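The sequence and the structure are shown first, and the description follows.

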Amino acid sequence: MENTEKKIIFSGIQPTGTFTLGNYIGAISNWAKLQEEYNCIYSIVDMHAITVKQEPAKLRQHTIEAYALIMACGVDPNKSIAFIQSHNTNHAEANWILSCSTQFGELSRMTQFKAKSEKHPDDINAGLFTYPVLMAGDILLYNADLVPIGADQKQHLELARNVAQRFNQKYSETFKIPEPYIPDVGARVMSLADPTKKMSKSDENQNGCIYILDDKDTIVRKFKKAVTDSEAKVRYAQGKDGINNLMTIYSVVTGKSFDEIEREFDGKGYGDFKVAVGEAVADHLEPVRTKFAEYMSDKAYIKECYTKGAEAARRISSKVLRKAYKKVGFVID
Ligand code: AMP
Ligand code: TRP
């Protein structure tokens, strides 16, 4: 972890229930792969999660589960730093400093804020509005070079870059400007029930959403019901949102190219294809389910890992935060 030649990666995920296949393909599956080449820092961002109403006992449970799940997906706390956001109060402090370099107007343009406030009209709290500033702090506190995210987080990353640039201009060079790291294939996994919408935990039609911990029968059943089109030909083309989505998923879990997939299913119907995708996904996720159960049966080990992660996270981020405090003119010694 201390190799300073390597570039730094930071990413976070909210502990808001079991992760979906979208989270897995768009984000977490890449986290493990990146560990070899980069210094990676990953966080379960519980502070972000409370921008929408959470049941406290469930949030606690989901936070531990999320930590176990990223380990089950291959994040190794001995190779990377993996921690729970609220264990490092530097994030809250960075949030304030950066808020003072963020404009009301730019936050008002965030599409996720608009979508979430429409969804929760009775609780449009200030945290929901300033959430991208907290996210900017997450990234900037570690001098991250790259931030692996799905396509829906691109706008927030752009804001983090703008805020960092503005701070640097105001006070002189302080923060590194991060770049997004968005996968070429699978940055936006779509709902199986409505392939024009992204796959999401909050999908009204639960058949549209695959959870990482779904069992094989459930996964295959949901894929069998996937919405497709009437052409009955497996090929990647405009207007074939359902098939394009299934091909994308199949390509990610099998490593096959679109050409190979088209050849494999030449002359076969959608029924065969859907079952094949469902089975490939279920088989791919099987080891994740097994490892998750193993980790969850050893809570002491999970605690040991997140405690160690928080210490390392505090150590790195304290230096950056202190630098920012000095730049803005706080008395620091
Ligand atoms: P969230 O569940 O919103 O906390 O998202 C966690 C990560 O998963 C973020 O990097 C998202 O961009 C990514 N993600 C969420 N849903 C999808 C999806 N349907 N397709 C691809 N990536 C996704
Ligand atoms: N906002 C991200 C999401 O909802 C989660 C997140 C919080 C994040 N802080 C981050 C992602 C920092 C990347 C980097 O998915």
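A residue counts as buried when its relative accessible area is under 20%, as exposed when the area is over 50%, and as partly exposed in between, with a 1.4 Å probe and protein chains only. The model is predicted: local features need pLDDT of at least 70, side-chain atom pairs count only at pLDDT 80 or more, and totals for chains, interfaces and linings use all residues. Residues are numbered from 1 along each chain as its sequence is written, chains are lettered from A and ligands numbered from 1 in the order in which they are written, and side-chain values use heavy atoms, with hydrogens and water left out.

**Individual positions**

Valine 281 is found in helix 12 (residues 270–296); helices (H or I, at least four residues) and strands (E, at least two) are DSSP runs, numbered from the N terminus. Valine 281 counts as buried because its relative accessibility is 0%. Contact means heavy atoms within 4.5 Å. Leaving aside residues up to four places away in sequence, valine 281 touches Leu21, Ile219, Phe223, Ile249 and Val253.

Serine 251 has its place in helix 10. Apart from residues up to four places away in sequence, serine 251 touches Lys256, Phe258 and Ile261. Cysteine 40 lies in strand 2 (residues 39–44). The C-alpha atoms of cysteine 40 and serine 29 are 13 Å apart, and the two residues are 11 residues apart along the chain.

The accessibility of these and two further residues is listed below.

| Residue | Relative accessibility | Class |
|---|---|---|
| Cysteine 40 | 0% | buried |
| Serine 251 | 12% | buried |
| Asparagine 143 | 23% | partly exposed |
| Alanine 232 | 48% | partly exposed |

Most residues other than glycine have a negative phi. Asparagine 143, although not a glycine, has a positive phi of about 50 degrees, and it is found in the loop between helix 7 and strand 4 (146–148). Alanine 232 is not a glycine either, and its phi is positive at about 60 degrees. This alanine 232 lies in the loop between helix 9 (216–224) and helix 10 (241–254).

**Helix 6 and helix 7**

Two packed helices are described by the angle between their axes and the distance between the axes. Axes are lines fitted to C-alpha atoms, for helices over the stretch in contact, and angles run from 0 to 180 degrees between N-to-C directions. The axes of helix 6 (residues 111–119) and helix 7 (residues 126–140) cross at roughly 160 degrees and come within 10 Å. Helix 6 is therefore roughly antiparallel to helix 7, a term for angles over 145 degrees.

Where do the two helices meet? Gln112, Phe113, Lys116 and Ser117 in helix 6 meet Leu128, Phe129 and Tyr131 in helix 7. By class, this contact of helix 6 with helix 7 has 4 nonpolar, 2 polar and 1 charged residues; Ala, Val, Leu, Ile, Met, Phe, Trp, Tyr, Cys and Pro count as nonpolar, Asp, Glu, Lys and Arg as charged, and the others, Gly among them, as polar.

In helix 6 the buried residues are Gln112, Phe113 and Ser117. They lie on the same side of helix 6 because they cover an arc of only 125 degrees around the axis, taken from the directions from the helix axis to the C-beta atoms. Thr111, Glu118 and Lys119 are exposed on the other side of helix 6. The cover over the buried residues of helix 6 includes helix 7 and helix 8 (154–171).

Technical notes
Parallel < 35°, antiparallel > 145°, perpendicular 65-115°, else oblique.
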